[in-house]
Amino acid sequence: MRARRFVCAFLLLALFMGQTAVAETFSNDPAAIQEAAQSVMLLELYCDDECIGTASGFVAFDNKTLITNYHVIKGVTGILAYSDDDSLYYVDRVYAADKDKDLAILGFFSPTNLVPLRLGADAELLRAAPVLTISSPKGIKNSVSKGNISALFEAEGVSYIQISAPISPGSSGGALFDDQGLVIGVLEGALIDAQNMNLAIHIQNAMDLYHTVDAAKFVSLKEFADSIASAPSPTPTPRPTPQGESAKEYAEALSRYSLLKIGDSGIAVQEMQSALIALGYLEDGADGIYGKNTEKAVRGFQREHTLVADGVANPQTQKKIFDEYGKQYDEPEIPLVIPSKAYGEWRDDGNKLAFHLQVKNVSKLKGISAFELYIYPADVWGERLLEENYVYMVTTEAAIAPGKIAYSDFVSMDDADAIDRVYAAIHKIKMSNGSVIEIPEDEMVYSYWTID
């Protein structure tokens, strides 16, 4: 009788130990999966102002870098990225892209609050080993699926991982995890003419591509889309920096303006036309179409300002046009402000407090497409409730025409009971022509609102 009890006790202990061991693996740890999902994002893909689909991506290397597929960004001019908690981030730059390996390294408009995922380039991969995917198939954000490694192979210089975990359209760019919680692959797609052949690109390929990145050098999504268009416009012949323009001014022009020429259209053309009209070089209305009259006006401006008079509005020419407009018409250096009596709205968010406020575009000419605010809560004495120098960041995509008022997105703050007021300042502004104005942290001007 004692022996039987001993055997039963031993079996129960073994069963308990087995369950404990299983629970320690990533694929059987819901809390660990939930934590990893915070850094995987649903991507809404836009061509100009039209949403053309959804895909996936994940934060890696640092809190301002995103990995996805090359085919995801082909023809895309804007990306809205939604994190697991529905925070919205704006992706606006391409650091590196490799068509053959179907990978792209992208950058956010401003740093996120997300933790970069751990990458497992050196992880041991074995057939039949368990794996887990997090992606957004059919726009369903951060769906989890489990499976195993079916095969490991190389094709045309790219390392692939075949998995049995199901993936669908929209999963492209999602993360493939091993059972240690390391990202071992970038989800790519499934072979249509085969059964259950779902593929991921080995993460080493993405790491190799990242090592080519120079953070100071990138192109906008629109510039990238234009560069790979099926019938791209001829590349203009490079010209030297205009005489007398400093290297700093030259770099600033290149970062704020993209080349405009006859046949182009859009808000950037319209804003330039408005400036040329105000300066007396163009008589036609600002219709946003770069036609013969606009070309003639640009050539006239270039001729009078000792620029190469070819009628092509390169970045240096546009900078000169807007600088001249600013001198004559008192165009503000910082076009977005928080009005002196800006309205702020509070919202109870459980144990958090949500807040958003009004901003105004004080430019007479230029539109705004996105902006970033720094916000921090304070107590009744005005003392910060967060660690020193820490702020909440809220990035808002909003088309704000000259002279118009808009609202920021809500920011949700912890410790609601302790908050008496919030301070907010404008940090970054993205103009509708794609240029970005960044206000240094030591120059930001904070306004504050007290809870009623």
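## Exercises on salt bridges, hairpins and loops

The side chains of Asp-420 and Arg-421 come together in a salt bridge, 3.3 Å from N to O. A salt bridge here is a side-chain nitrogen of Lys or Arg within 4 Å of a carboxyl oxygen of Asp or Glu.

This is a predicted model, in which local features need pLDDT of at least 70 and side-chain atom pairs count only at pLDDT 80 or more, while totals for chains, interfaces and linings use all residues. Residues are numbered from 1 along each chain as its sequence is written, and side-chain values use heavy atoms, with hydrogens and water left out.

### Exercise 1: Salt bridges

**Task.** Are Asp-420 and Arg-421 buried or exposed? How many salt bridges does the structure hold? Then work through the pair Glu-324 and Lys-327.

**Solution.** 
- Step 1. Buried means under 20% relative accessible area, exposed means over 50%, and partly exposed lies in between (1.4 Å probe, protein chains only).
- Step 2. Asp-420 and Arg-421 are both buried.
- Step 3. The structure holds eleven salt bridges.
- Step 4. In the bridge of Glu-324 with Lys-327, the closest N and O atoms are 3.3 Å apart.
- Step 5. Helices (H or I, at least four residues) and strands (E, at least two) are DSSP runs, numbered from the N terminus.
- Step 6. Compare their cover. Glu-324 is buried at 14% relative accessible area. Lys-327 is exposed at 64%.
- Step 7. Asp-264 and Lys-261 meet in a salt bridge at 3.7 Å, N to O. Lys-261 is partly exposed, at 23%.
- Step 8. Look for a network. Salt bridges link Asp-92, Arg-93 and Lys-430.

### Exercise 2: Strands 1, 2 and 3

**Task.** How many bridges join strand 1 to strand 2? Which residue of strand 3 stands opposite Phe-58?

**Solution.** 
- Step 1. Recall the rule. Two strands pair if DSSP finds at least two bridges between them.
- Step 2. Strand 1 (residues 40–47) and strand 2 (residues 50–59) run antiparallel, joined by eight bridges. Leu-45 faces Gly-53 of strand 2 across this pairing.
- Step 3. Look at the turn. This hairpin has two residues between its strands, and Asp-48 there takes a positive phi near 60°.
- Step 4. Move on to strand 3 (residues 65–68). It runs antiparallel to strand 2, with two bridges. The residue opposite Phe-58 is Ile-67.
- Step 5. Five residues lie between strand 2 and strand 3, and Phe-61 in the turn has a positive phi of about 75°.

### Exercise 3: Residues in loops

**Task.** Which loop holds Asp-86? Is Leu-307 buried or exposed?

**Solution.** 
- Step 1. Asp-86 belongs to the loop between strand 4 (78–82) and strand 5 (88–98). Its phi is positive, near 75°. Asp-86 is exposed, at 55%.
- Step 2. Leu-307 lies in the loop between helix 8 (292–304) and helix 9. Leu-307 is buried, at 18% relative accessibility. Its C-alpha atom is 7.4 Å from that of Thr-317, ten residues apart along the chain.
- Step 3. Leu-126 is in the loop between strand 6 (103–108) and strand 7 (130–135). Leu-126 is partly exposed, at 48%.
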